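Thanks for coming, everyone. Please bring the sequence and the structure up on your screens, and I will talk you through a few local features.

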Amino acid sequence: MRTWWRRASRAATSASHASPPWSTYDLEAFQKHYRLRPHQLARRAWQILSQVGYLRLVNGILKRGSMNERAVRLRIGLTTLGPSFVKLGQALATRPDLLPPEYCLELTKLQDRLPPFPEEEARQILKEELKQDPKDVFESFSHYPVGAASLGQVYKARLKGDATAVAVKVQRPRLQEQVALDAVVLSMLAKRYAGKYGIQSDAALLVDELVGRIFLELDYEREATNLHRFRKLYDTRDTYGTNPPPGGTVHVPKVFFQHSTRKIITMEWMDGIKLTDQEGIRRLGLDTQKLVETGVFCGIKQLLEDGFFHADAHPGNLMASPGGALIYLDFGNVAEVHKSDRDGLLKAFVAYVNNDPAALVLALQSLDFLSPSTTTGDWIAALSPVFEEKAGPKKMDFAGAVQHIANVARLADIPFRVPPRLAPVIRSLAALEGTASTVQSGFQVVSRSYPYVLRVLLKDRSPEMRRMLQSIVLNTDGTVRWNRVKRLTEAMENSKYGTEAWELSEYQETYMKALEDGIVFLLSSQGSQTRHALERDLLDAYRTSLREFVGGNLPTRGKMVASRLARTAEGSSLALRLLVNDPNFFARLVAKTTYQSDGLRILFGLILGLCRETGVKAMEETLLLASKQMHRWTAS
């Protein structure tokens with residue numbers, strides 16, 4: 001017994017002198033570290049379980065107090081538990097589909113109104129990190145933080161020399177140790193309770209997603225690099241920004257690398273108001289809808305085009321400038337998505353909006369939401385009723401869609417999981433949607449972003465994306481889905497919404513290349529079915545227009561074709577503008593069409609068909625018109 005006790009004592013003493021493994025996130029190293037400190041694990045587990053149990057009893061079972069009082073109780077409880085749970089609360093604040101509006105509103109206070117840590121500690125951290133007195137770097141420095149968040153607090157200062165106004169973010173002390181302890185405790189609790197509550201994910205992956213991302217955010221040097229890259233991509237000011245979003249103006253602060261370290265970051269001071277300050281936005285005369293649409297367009301562009309995205313765009317990290325620009329802040333939680341995953345997300349989005357369960361299942365399978373061994377037929381059968389509901393996908397935004405699909409999977413007993421690499425994407429989309437609905441109630445992210453998503457699809461000329469485009473506008477028998485052609489035309493018109501940044505030349509080029517590729521497909525052997533269907537539809541439409549002109553009754557097919565073709569009439573104004581701006585393009589299209597024998601045959605076939613309809617039908621329809629007119633005169 002004495003021997004065991006001496007060995008345990010030596011091990012504990014040796015561990016106390018070992019350097020703590022806080023430099024990077026390593027759950028196994030954390031577990032090994034705290035295995036020799038069971039009292040710390042037990043104390044933290046008790047803190048978490050007792051607080052969660054108390055909230056569950058008072059808020060969930062007894063429902064003590066009003067809704068607002070319960071929301072305050074939840075916010076205080078999460079704040080008490082520390083940074084990991086504050087981050088969880090921030091995520092929940094953007095999920096009105098999971099929590100009542102009173103809870104969401106109260107939890108937004110976790111985004112920038114947390115209790116600050118003492119100024120003396122902040123100045124000591126500044127001195128240690130800068131390796132000099134802060135007075136030698138800053139001409140002035142505010143005594144109190146202008147904002148305190150879960151991981152740090154921000155001061156307003158001015159640089160020595162040119163008096164440039166800057167924001168200095170200082171990390172809270174001893175955060176790495178606290179977050180590492182939470183990782184170990186939460187992994188233990190996840191292993192014990194995940195299965196009980198039907199969570200179909202590995203416990204370690206759950207903890208990695210919740211706590212591992214926080215550890216990445218603790219590296220302010222990484223955040224400074226993210227900030228600089230994001231600014232180069234999306235800042236729309238004249239001096240910066242090589243790749244602005246198609247809609248509105250975006251500002252991103254400049255980072256001062258020489259005054260930034262692993263625990264402090266110095267950046268350009270940005271004047272603005274929070275998006276949730278509706279009164280302030282009205283006072284400045286800003287357009288809330290335009291701000292929200294700018295955020296949605298920029299967010300979708302980050303995810304689907306550039307693959308470098310802000311994964312934590314909640315209202316606390318977004319502001320509006322006095323001039324109406326959308327300001328992005330806090331770049332600790334930034335991630336990348338690979339091109340193959342971007343293509344898969346694009347396919348899933350389009351399939352969902354177009355009520356195509358078979359295409360959605362294939363997209364989810366390519367993204368690893370479904371196992372390759374999963375029988376696609378089971379999924380298609382399970383999802384089909386969802387798409388048949390009138391209030392289904394088109395009325396549902398992203399968060400509701402994911403929840404709906406997850407519920408279908410659970411009821412049908414089909415394995416469904418979010419792959420770890422795409423978890424930041426899911427969180428980013430949920431935050432985007434939550435922010436939009438928080439700032440402007442009733443804003444439909446899916447429907448409003450669909451035109452821009454289609455523009456992304458039109459712009460990508462890869463064979464895979466062109467095949468996807470064909471599947472959208474053509475039926476399996478080669479006939480044209482005119483209603484979707486109309487939506488594509490509208491997408492091109494709407495995707496240049498209110499921006500000076502996206503040049504009209506790029507707008508034209510995207511549309512023209514899509515048309516050019518469409519002509520190439522029609523003239524190919526693969527497009528023969530579509531050519532015949534298109535010829536038939538155009539001749540039927542012409543015949544229908546003649547009968548409408550003389551007031552005759554349309555046959556059922558004629559009405560259907562006329563209705564379908566009428567839905568594309570809005571595209572004529574767009575085509576006319578393109579013709580005026582670049583007549584050479586249409587000359588190229590005509591040349592490409594007539595260069596091949598199939599193209600000439602199509603043109604001559606249409607001309608002969610129109611002449612035949614005009615020549616043969618003209619007398620018949622004229623006599624019919626005269627007969628009807630005489631009948632009206634006689635009747636009168």
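Predicted model: local features only at pLDDT ≥ 70, side-chain atom pairs only at ≥ 80, totals over all residues.

On one side of helix 2, Glu28, Lys32 and Arg35 are exposed, where exposed means over 50% relative accessible area, buried means under 20% and partly exposed lies in between, with a 1.4 Å probe and protein chains only. Helices here are DSSP runs of H or I with at least four residues, and strands are runs of E with at least two, both numbered from the N terminus. Residues are numbered from 1 along each chain as its sequence is written, and side-chain values use heavy atoms, with hydrogens and water left out.

Which residues of helix 2 are buried? They are Leu27, Phe30, His33 and Tyr34, and they lie on the same side of helix 2 because they cover an arc of only 120 degrees around the axis, the arc being that of the directions from the helix axis to the C-beta atoms.

Let me stay with Glu28, which belongs to helix 2, residues 27–35, and which counts as exposed because its relative accessibility is 65%. The N-terminal end of helix 2 is capped by Asp26, with a side-chain oxygen 3.3 Å from the backbone nitrogen of Glu28. In sequence, Glu28 and Val184 are 156 residues apart, yet C-alpha to C-alpha they are 8.6 Å apart in space.

Moving on to helix 3, residues 38–61, we find Leu57 there, and Leu57 counts as partly exposed because its relative accessibility is 41%. Together with Ile61 and Leu62, Leu57 forms a nonpolar patch on the surface, with about 280 Å² of accessible area for the three together.

Now to the backbone. Most residues other than glycine have a negative phi. Lys63, although not a glycine, has a positive phi of about 50 degrees, and it sits in the loop between helix 3 and helix 4, the latter being 67–81. Ala163 is not a glycine either, and has a positive phi of about 60 degrees; its place is the loop between strand 3 (152–159) and strand 4 (165–171), and with a relative accessible area of 25% Ala163 is partly exposed.

Finally, the cysteines. How many disulfides are there? Counting pairs of cysteine sulfur atoms within 2.5 Å, the answer is 0. Cys104 counts as buried at 7% relative accessibility, and Cys298 counts as buried at 0%.

Key: Patch = residues over 30% accessible without salt bridge, like charges linked within 9 Å, V, L, I, M, F, W, Y side chains within 5 Å. Areas by Shrake-Rupley, 256 points an atom, 1.4 Å probe, with all protein chains shown as cover. Salt bridge = Lys/Arg side-chain N within 4 Å of Asp/Glu carboxyl O. Polar contact = N/O pair within 3.5 Å; in protein donor to acceptor, adjacent residues only side chain to side chain.
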